[in-house]
Amino acid sequence: MANIIDDETIEYVGILAKLELSDEEKEAAKKDMGRMLDYIDKLNELDTAGVEPMSHVFPVTNVFREDVVTNGDGSKDTLANAPVMKEQAFKVPKTIG
């Protein structure tokens, strides 16, 4: 099943992708897109009856965990070296007039 990608399609894809393609690049893109569509046609020939749709090959469970602070941010130790502090932060001289 040969899929024919015309110049208009390549122009449109180039506009969507914000690409400026030379004539040689357009021809190469037409061939590449044609091969991709041929491959998709080949995949469509597979018998997928009884195969349940999936988003991952392996079973995925909830991978999120509770956000619990276990070691803190070390700010107390860091601020212990501050010559001047203000509201739990380093206080530095103004640098912009």
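Start by selecting helices α1 and α2 together: the buried residues of α2 pack against α1. Keep in mind as you look around that this is a predicted model.

**Stop 1: along α2**

Now select residues 23-44, which make up helix α2. How many residues does helix α2 have, and how far does it reach? It has 22 residues and spans 32 Å from its first C-alpha to its last, close to the 32 Å expected at 1.5 Å a residue.

Next, colour Lys-30, Gly-34 and Asp-41, the buried residues of α2. They cover an arc of only 30° around the axis, so they sit on the same side of α2. Here is a handy bit of background: an α-helix has 3.6 residues a turn, so residues three or four places apart point the same way.

**Stop 2: Lys-30**

Zoom in on Lys-30, back in helix α2. Is Lys-30 buried or exposed? Its relative accessibility is 18%, and buried means under 20%, so Lys-30 counts as buried.

What does Lys-30 touch, once you leave aside its neighbours within four places in sequence? Select Ile-5, Asp-6, Asp-7 and Ile-10: Lys-30 is in contact with each of these.

For a sense of scale, draw a distance line from the C-alpha of Lys-30 to the C-alpha of Val-68. The two residues are 38 apart in sequence, and their C-alpha atoms are 52 Å apart in space.

**Stop 3**

Show the side chains of Asp-7, Glu-27 and Lys-30, which are linked in a network of salt bridges.

Take Asp-7 and Lys-30 as a pair to begin with. They form a salt bridge in which the closest N and O atoms are 2.7 Å apart. This pair ties together distant parts of the chain, with Asp-7 in helix α1 and Lys-30 in helix α2, 23 residues apart. Asp-7 itself counts as partly exposed because its relative accessibility is 48%.

Glu-27 and Lys-30 are separated by about one helical turn, because they are 3 residues apart in helix α2. With 39% relative accessibility, Glu-27 counts as partly exposed.

**Stop 3**

The model has 4 salt bridges in total. Arg-35 counts as exposed, with a relative accessibility of 52%, while Asp-32 is partly exposed, with a relative accessible area of 36%.

**Stop 3**

Val-13 counts as partly exposed, because its relative accessibility is 35%.

Methods. Residues are numbered from 1 along each chain as its sequence is written. This is a predicted model: local features need pLDDT of at least 70, side-chain atom pairs count only at pLDDT 80 or more; totals for chains, interfaces and linings use all residues. Side-chain values use heavy atoms; hydrogens and water are left out. Buried means under 20% relative accessible area, exposed over 50%, partly exposed in between (1.4 Å probe, protein chains only). Helices (H or I, at least four residues) and strands (E, at least two) are DSSP runs, numbered from the N terminus. The expected span of a helix is 1.5 Å times one less than its number of residues. The arc is that of the directions from the helix axis to the C-beta atoms. Contact means heavy atoms within 4.5 Å.
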